[in-house]
Amino acid sequence: MKNRSQATDGLPEQRSLRPLAGVLTAMAVSLAGTRVSAIALPWFVLITTGSAVQTGLVAFCEMAPYVAVKALTGPLVDRAGPRSVSWRTDLVSAAAVGAVPLLHALGLLSFPLLLVLVAVVGAARGPGDLAKHVMVPEAAERGRLPLERATGLSGVVERLAVTVSPAAGGTLVALLGPMTGLAVNGACFVLGSVVIALALPRGMGHAPARATAPAGEDVGYWRRFGEGLRFLRGEPLLLTVIVMVGITNLLDAAFTTVLLPVWASESGNGPAGIGLLGSAGGIAAVTGSLIAAGVAHRMRRRVVFFIGFLLAGAPRFLVLAADAPLWALLAVFAVSGFGSGFLNPILGAVSFERIPRQLLGRVNALSDSLAWAGIPLGGLLAGTAMAAVGLAPTLVAGGAAYFLTTTLTALRPEWREMDRQRGNGRAHHPAVISPQDERDTAPRL
């Protein structure tokens, strides 16, 4: 006899938005703290060393472990459950990032030690971000929401965090120094951990039953990892997405971690200028994400996706290279932000439609890690290019590479599948998984 409070799929019959609200809240505070740190940490390294190369090295030491550990922990997220992984890794991130201002105040923070601490933060953030992301489809089902709407709301939360935190972070760093910004980041990780551990419904975020081994059969780590890899190899559309997003992520990392801070230093705008531009783009991105949350499930994904990339990418590089006045920079960043607001809701819906729940962790881990593989190199390449040719030529080259990547990739035939295989707004859950049946998930931006 069925429990009256449960549906046949194991989810509550009564619609509840509490799960989605909890996941989005945890995402918001984690992203807000990370965005503050993204201003505070490069600014601290730049003003203490004066070296764009060392600034890029710090970004590399955070993002390389992020990508590597995230790629390998997907099977563990599927086995242990995303909820447990999320709150535990957030506590590790909080401890590592909180140690930076503490050691600096004690006069014990050397540059090599800073590199070690940011590497620990990156290694913990990877599985933590992954775990929050893979709880979105379950939260959407519990709230009886279309996937485009759930991923759109996730995009709104992300953009709100990106909007508020750069302005707050830039002001905070300008008034109280970068170490205060890092302390705030640590506090945000603690809050996110508490939300995931205590605020979600008791039965949410655990390992799905289908991810466990049948009686008498031991499904080991490498077998789980191999299932995710075979799944990924069988989806041409998503492999194409990974390649394109991987290149744009590298360019975005170069822009955020090195080129924008150097522009702020050379132009005299300082960290407050970085925050102002980030907020202008973020406000517009929130608008785009709200529109996507409301109507994305009715739009032609392919057209909207590439128009969004056309607006979000190259214009930011070129307007900085042109040494345009601040009002022009704000206008361009706002237009770019509006375009970017449509991207992640589309990518998220495509991925959740194609991936069975029991493979969410490992396939998301692989696809995200491949798409993010260039991010650790972004800061290093930007710093090296800056030392060789200067800021303006590096910005022009980055803008040109962004434009060519997003326009030439659009000509490939795989993109037609983005609209052709649209689902009914819910994640796909086949009863039996075989290598021939597997479909992949797209990377996030």
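Predicted model: local features only at pLDDT ≥ 70, side-chain atom pairs only at ≥ 80, totals over all residues.
Two helices were examined individually. Helix H3, formed by residues 82–105, contains 24 residues and reaches 35 Å from its first C-alpha to its last, close to the 34 Å expected at 1.5 Å a residue. A kink of about 25° is located in H3 at Ala99, shortly before the proline Pro101. After H3 comes Gly107, with a positive phi near 75°. Helix H9 comprises the 32 residues 236–267 and reaches 44 Å between its first and last C-alpha, close to the expected 46 Å. At Phe255, H9 bends by about 40°.

Two packed helices are described by the angle between their axes and the distance between the axes. For H9 and helix H16 (residues 375–389), the axes come within 7 Å and cross at roughly 45°; the two helices are therefore oblique to each other. Their crossing is right-handed. On the H9 side, the contact involves Asn249, Leu250, Ala253, Ala254, Thr257, Val258, Leu259, Val262 and Glu266. These residues meet Ile375, Leu377, Gly378, Gly379, Leu381, Ala382, Gly383 and Met386 of H16. By class, the contact of H9 with H16 comprises eleven nonpolar, five polar and one charged residues.

The axes of helix H1 (residues 18–49) and helix H4 (residues 111–134) come within 12 Å and cross at roughly 160°. Because this angle is over 145 degrees, H1 and H4 are roughly antiparallel to each other. The crossing of H1 with H4 is left-handed. From H1, the residues Val23, Ala26, Met27, Ser30, Thr34, Leu41, Phe44 and Val45 take part, meeting Phe111, Leu114, Val118, Arg125, Asp129, Lys132 and His133 in H4. This contact of H1 with H4 includes nine nonpolar, three polar and three charged residues.

Ala71, Leu72, Pro75, Leu76 and Arg79 of H2 are in contact with Tyr221, Arg224 and Phe225 of H8. The residues of the contact between H2 and H8 divide into six nonpolar and two charged, with no polar residues.

Terms used
Residues numbered from 1 in each chain as written. Heavy atoms only, no water. Helix = DSSP H or I, 4+ residues; strand = E, 2+ residues; numbered from the N terminus. Expected span 1.5 Å × (residues − 1). Bend = angle between axes of the 7 residues up to and from the residue. Contact = heavy atoms within 4.5 Å. Nonpolar A, V, L, I, M, F, W, Y, C, P; charged D, E, K, R; others polar. Axes fitted to C-alpha atoms, helices over the stretch in contact; angles between N-to-C directions. Parallel < 35°, antiparallel > 145°, perpendicular 65-115°, else oblique. Left-handed = near helix turned anticlockwise from the far one by under 90°.
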